[in-house]
Amino acid sequence: MASNILFKHYQIDDYIEIAEETAGWLKSVERKTEHGKRWIQSPDSTEDFSDYPMLTEKALYGGSAGIGLFYLRLYQATKKEEYLTEAKEAAADIIATDEGVAFYEKALNIKGVEDKLVHVKNMPGWTAGYYNGPTGSAYLVLKLYEITGDETYKTYAIKVADDLLSVAKKAPEGIYFSEQNDLCGDAGFVTYLVSVYEVTKDEKYINAAKALGEYILSKGKPAKNGGTYWNVVDLSIIDFPEDVFWVNLAHGTSGVAWIFTILYQETKDEKFLQAAKEAAEYIKGIAVGDDYAVLVPYLDSEKRGPSTEFYYLSTCHGPAGTALLFEALYKITKENDYLDWVKKLSRGIIEAGAPENYSRGYWRSQALCCGTPGLLEHFISVYKLTGEEEFLNYAKRTARTIIGQSQVDDDAKDIYKLSNTRRWLGNWWRTIPQDVHTYSGLYIGTAGNAWSLLTLAAALKKEDYIEIIEYNF
C-alpha cells in the first residue's frame, strides 16, 4: 500500500523544504526596485499600507528587512547562494533609500487620525521604533555583516545608530525619543544600540542605551500584589479605557524588564537587574493558574485589577513573550524559581488548548507576533534552555500545526499534484476575524511561519542560525 502524505511525520529536511517552498511563493510577490528588492506586503488586500506603522515597506515587522532576514537564514540552512543574494538585494534597497534623520523628523511628528482601524498611526513611537523603523531594517544589515564580513554593512549600521542618537530627547532621568516607551517604541532601541556597541565597542552606544534604560526605569510604580509595573503606553490614544494598561512583552512590563536584563548583562549595573526582578514579582502576582501552568492577563488596571478572562498566548502579549524575562533572569541568577516559571508559562499555552485550538487571545493570525509561529519559537527556546523532551514534543506538535495551517495550491497543469509554493493566510486584526489575507512579512505572515520551522530544524541539527532579536541575547 502506498504511503499517505497526510500521515507524514515531519523531519529536518521536510522543514527546510517547506521553507524553500515559502521562498518560492515570496518570489511571486517580489518587486524589483532601482537598487534592490522589496516585497508586496499583502497581494490579496486592497488596503493602503504606505503609512501604516506595522506594514511599512522596509520594516522588519512586515516589510523587506524581515523577508531579507528570512532569506539570510535560509541561506544558512541550505548554503544556496541564491538566498544570500535575496538578502543582499533587500539590504541594498534599504541602504540606498535611507532617509537619515529626516525619517524621525517625519515619523515622530505624525498628525492624529480618527479612523479606528488605523488609529495606531497616533503612536509615533511605534512608527519610529525598532520593529517598524530604520533600526529594525538595519538589523538585517548587521546580520549580513556578521555573516559576510562586508564592512559596508557595518558602516551603514553605525550610521543608523548615529542618526537615532541625533534625535534623542534629554530629560533629568536620561534620554527618550517618544511618549511610547514600550518594546515596540523607545525600549526596543536598546537592543539595537547594544548590538552596535558589541560590533564597535564604542562606549557612546552603550552609554546611550543605559541612559534610555534609566529613563524607562524611572516610570515604574509599585504594584498592589507586589513588585513593580511599568505602564509605558497611553492606551486611551487608541480607544482603550483610560484606566487599563498592557502587561506583556511588546507593550508592557515584561518587555521593558527584558530590556533591563540586557542592560544588566552589558553594564553589570545592579539597578537594572533589581528592576527586572521587581517586574518578575509583579508578573507572578497577577498570573492565573496553578503550580503546574499559568497564564498572564492581557490587561491590568489600577482600578479593576487584571483581566482574568482575557489571555493572549504568543509573543506580543502572551507567555511565549513574557517567558523571555524569566529565561533571562534564570540565565543571570541560576535561581530555579525563574526556571520553574518559564516552564509554568510554557505549560500554560498547552493547557489553554494550543497549538491546535484557538481562543480569544490566540486566533488565526498565522503570525510570529501573535500566532502559532511565535509559540514554536518559544517552545524551542525552552527546550534549548532545559534539554527536556517535553518541550521538544510541544515544538513538534506546533510545527505540525503550522504546516497544516499553510496553503499549497493545486498544480496549475495537473489537478493530481500540488504546486511547489507555500504561503499562510491569516487575520492579523483580532477584532476583525473575517479580514483574512496572505501577508508576506516576518512578524506578520508567511516568512515568519517558515522562519519558525527553520528554528526547529536548527535545534534538531544542533546548528546555530541567525535569530530574531527576541532570541538574540
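The legends below accompany close-up views of a predicted model.

**View 1. Helix H6 packs against helix H7 in a roughly antiparallel arrangement.**
Helix H6, which spans residues 134-148, and helix H7, which spans residues 151-166, have axes that come within 8 Å of each other and cross at roughly 155°. Because angles over 145 degrees count as roughly antiparallel, H6 and H7 are placed in that class. The crossing in which H6 passes H7 is left-handed. On the H6 side the contact is made by Pro134, Thr135, Ala138, Val141, Leu142, Leu144, Tyr145 and Thr148, while H7 contributes Glu151, Tyr153, Lys154, Tyr156, Ala157, Val160 and Leu164. Sorted by class, this contact of H6 with H7 comprises 11 nonpolar, two polar and two charged residues.

**View 2. Helix H8 and helix H9 form a roughly antiparallel pair.**
The axes of helix H8 (residues 188-200) and helix H9 (residues 203-217) lie 8 Å apart, and the two helices pack at an angle of about 160°; H8 and H9 are therefore roughly antiparallel to each other. H8 passes H9 in a left-handed crossing. The residues of H8 that take part are Phe189, Val190, Leu193, Val194, Val196, Tyr197 and Thr200, and they meet Glu203, Tyr205, Ile206, Ala208, Ala209 and Leu212 of H9. By class, the contact of H8 with H9 has 11 nonpolar residues, together with one polar and one charged residue.

**View 3. Cys316 and Cys369 carry a "binding site" feature in an unreviewed UniProt entry.**
The two positions that UniProt lists under this feature, Cys316 and Cys369, are spread over 54 residues of sequence and yet cluster in space, with a largest C-alpha distance of 5.5 Å. Cys316 lies in the loop that runs between strand S10 (299-301) and helix H12 (319-333), whereas Cys369 is found in the loop between helix H13 (336-351) and helix H14 (372-386).

**View 4. The surroundings of Cys316 include Cys369.**
Cys316 has a relative accessibility of 6% and therefore counts as buried, the cut-off for that class being under 20%. When residues up to four places away in sequence are not counted, Cys316 touches Asn248, Leu249, Ala250, Cys369 and Cys370.

**View 5. The surroundings of Cys369 include Cys316.**
Cys369 likewise counts as buried, because its relative accessibility is 13%. Leaving aside residues up to four places away in sequence, the residues that Cys369 touches are Tyr61, Ser314, Thr315, Cys316 and Tyr443.

Conventions: Residues are numbered from 1 along each chain as its sequence is written. This is a predicted model: local features need pLDDT of at least 70, side-chain atom pairs count only at pLDDT 80 or more; totals for chains, interfaces and linings use all residues. Side-chain values use heavy atoms; hydrogens and water are left out. Axes are lines fitted to C-alpha atoms, for helices over the stretch in contact, and angles run from 0 to 180 degrees between N-to-C directions. Helices (H or I, at least four residues) and strands (E, at least two) are DSSP runs, numbered from the N terminus. Angles under 35 degrees count as roughly parallel, over 145 as roughly antiparallel, 65 to 115 as roughly perpendicular and the rest as oblique. A crossing is left-handed if the near helix is turned anticlockwise from the far one by less than a right angle, and right-handed if clockwise. Contact means heavy atoms within 4.5 Å. Ala, Val, Leu, Ile, Met, Phe, Trp, Tyr, Cys and Pro count as nonpolar, Asp, Glu, Lys and Arg as charged, and the others, Gly among them, as polar. UniProt positions are given in the numbering used here, feature names are shortened, and annotations may be inferred rather than shown by experiment. Buried means under 20% relative accessible area, exposed over 50%, partly exposed in between (1.4 Å probe, protein chains only).
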